[in-house]
Amino acid sequence: MAEIKRKNVQKKSTGAFIKDSVMTGISYMIPVIVGGGVLQAIAKMMGGYNIGAEMETVDTLAKVIYLIGTSLWNFTVPAVAAFTAYAMADKPGIAPGLAMGTLAGTINTGFVGGLVGGLMVGYVVMWMKKWPVPKALQGVMPILVIPTVATLVCGLVMYYIVGTPIAMFMTAMQNFLMSLNTGSKFVFGAAIGAMMCADMGGPIGKAAAMVTNGLNADGFFIPTSAKMCSGMTAPLGIAIATFIGGKKKFDDVDRENAKSALMLSCVYIEEAVIPFLVKDPVRVVVSCMIGGAVTGGLCMVTSLASPAVHGGIFVIPMTSNPLLFIGLWLLGSCVTGVIYAFLKKPIETK
Amino acid sequence: MYIVCVTACPVGIAHTYMAAANLEKAVKAAGHEVKVETQGAQGLENEITKEDLERCDAAIIASDIRIKDSERFEDVPTMTVAVQEAVKDAEGIVQELLEALEG
């Protein structure tokens, strides 16, 4: 590519390369985890919350839907592994990546294992593609040698070397989450909430979302509600602030933006806050983070579970307690709204 | 001048389209022709065609992920930026590109 060099920007680091690859993997994972999670949640609404434990005989429509949902949801970790490898090494990365994702599930390393496996496949395949191969054999590299050798090598490394520490780490993390008392639950949730509302869809929020989505992929649904509910507070909170603040503090453009923020809050799109964030960064971020932290913390304390990682109001009925979800959403938004309406400086009049 | 852009972000429902709208506005404001391809959750939309590639003078890729078919831009002067930058300061990016092309 005829790359134009940018001023003040150094060459892409390895860290940035890995981050881009993981983000690509996640972008392919999201429809899988959302579709699968929502279908499972619908089945739970129809056939009871314990439907997952009663799947030996599939005799009701609810169970069939649950089966379909699970069929998709089971591809969450394979998808993130395969497409992380795909982002790094292109097409030949997909097959070994799928294998690492499935293997990660089998050896209890979950989402983190899938990511590690995907990255490993990416590097191995990138390296194999550079092998000097006689022309006659070039055709068999991508269809025979790479899928076989890369899968075997990475699989062995996963199983015998990196798998065990990751599985231990995952178990430790799960035990840690289970053993949290009320106070530390609140802190954990508040941290997620505050991060979600720190940069409106930027890297800090993505990091928090990645952790909760990873836990969701491993079957922990409570942090997901903390993430989504607090993420939904920021745009609504800012919209509320424009109502409270009135004409002295917000101009017509702000009010117009607030309307779209109101709509986008319902579908969990925090980016609606960006126009406000750009104009008045510090005050907006402070107010949003406080509101988000309150909501996130309370989500954890009340054990509000959301099987769906995305979707806003459309997935509220699938949470373990829809009314509580709406209540916490409004509560955090009001906190943000009141604080920002108070902090905002009046418009300067000439 | 004719500038083609590609935008993409991990989720593909918000940033991708905000960046696309801002870039389109910024290039037009600078008085040049523009076409923006989005690679969001819908897949490729408003795809940059072969004719566009032959005709264009430069490309801007605003993405946090690996975009599809990046090899298309092999022979085009291309500037790669994070999608966030295009959302926040599209004018700045276009300005920088134009300066680089002249310089």
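The domain assignment of chain A divides this chain into domain 1 (14-179) and domain 2 (182-343), the bounds being taken from an automatic or database domain assignment. The structure is a predicted model, in which local features need pLDDT of at least 70 and side-chain atom pairs count only at pLDDT 80 or more, while totals for chains, interfaces and linings use all residues. Residues are numbered from 1 along each chain as its sequence is written, and chains are lettered from A and ligands numbered from 1 in the order in which they are written.

The C-alpha centres of domain 1 of chain A and domain 2 of chain A lie 29 Å apart. Where these domains touch, 17 residues of domain 1 of chain A and 15 residues of domain 2 of chain A take part in the contact; two residues are in contact if their C-beta atoms, placed from the backbone, lie within 7 Å. On the side of domain 1 of chain A that touches domain 2 of chain A, the elements that give two or more residues are α1, α3, α5 (110-128) and α6 (140-179) of chain A. Of these, α1(A) gives the most, with 10 residues. Sorted by class, this side of domain 1 of chain A has 13 nonpolar, 4 polar and no charged residues, where Ala, Val, Leu, Ile, Met, Phe, Trp, Tyr, Cys and Pro count as nonpolar, Asp, Glu, Lys and Arg as charged, and the others, Gly among them, as polar.

Seen as a whole, chain A has 13 helices and 0 strands, where helices (H or I, at least four residues) and strands (E, at least two) are DSSP runs, numbered from the N terminus. The C-alpha trace of chain A spans about 75 × 60 × 35 Å along its principal axes. Of its 350 residues, 50% count as buried; a residue is buried if 20 or more other C-beta atoms lie within 10 Å of its own, exposed if 12 or fewer, and partly exposed in between, with the C-beta atoms placed from the backbone. Among the contacts in chain A between residues at least 6 apart in sequence, 74% join residues at least 24 apart.

In α2(A), the residues Ile65(A), Tyr66(A), Gly69(A) and Trp73(A) are buried. They cover an arc of only 100° around the axis, which puts them on the same side of α2(A), the arc being that of the directions from the helix axis to the C-beta atoms. As background, an α-helix has 3.6 residues a turn, so residues three or four places apart point the same way. On the face of α2(A) turned away from the buried side are the exposed residues Leu61(A) and Ser71(A), whereas the cover over the buried residues of α2(A) includes α1 (14-47) and α3 (76-89) of chain A.

The helix α3(A) is itself mostly covered, as 14 of its 14 residues are buried. From its first C-alpha to its last, α3(A) reaches 20 Å, close to the 20 Å expected for its 14 residues at 1.5 Å a residue. Just after α3(A), Asp90(A) takes a positive phi of about 65°.

Further along chain A, Val286(A) is found in helix α12 (residues 281-301). Val286(A) counts as partly exposed because it has 16 C-beta neighbours inside 10 Å.

Buried residues make up 49% of the 103 residues in chain B.

Between the chains, 21 residues of chain A are in contact with 25 residues of chain B. The elements that give two or more residues to the side of chain A that touches chain B are α1 and α11 (274-279) of chain A, and α1(A) gives the most, with 8 residues. The residues on this side of chain A divide into 11 nonpolar, 5 polar and 5 charged.

How values were computed:
The expected span of a helix is 1.5 Å times one less than its number of residues.
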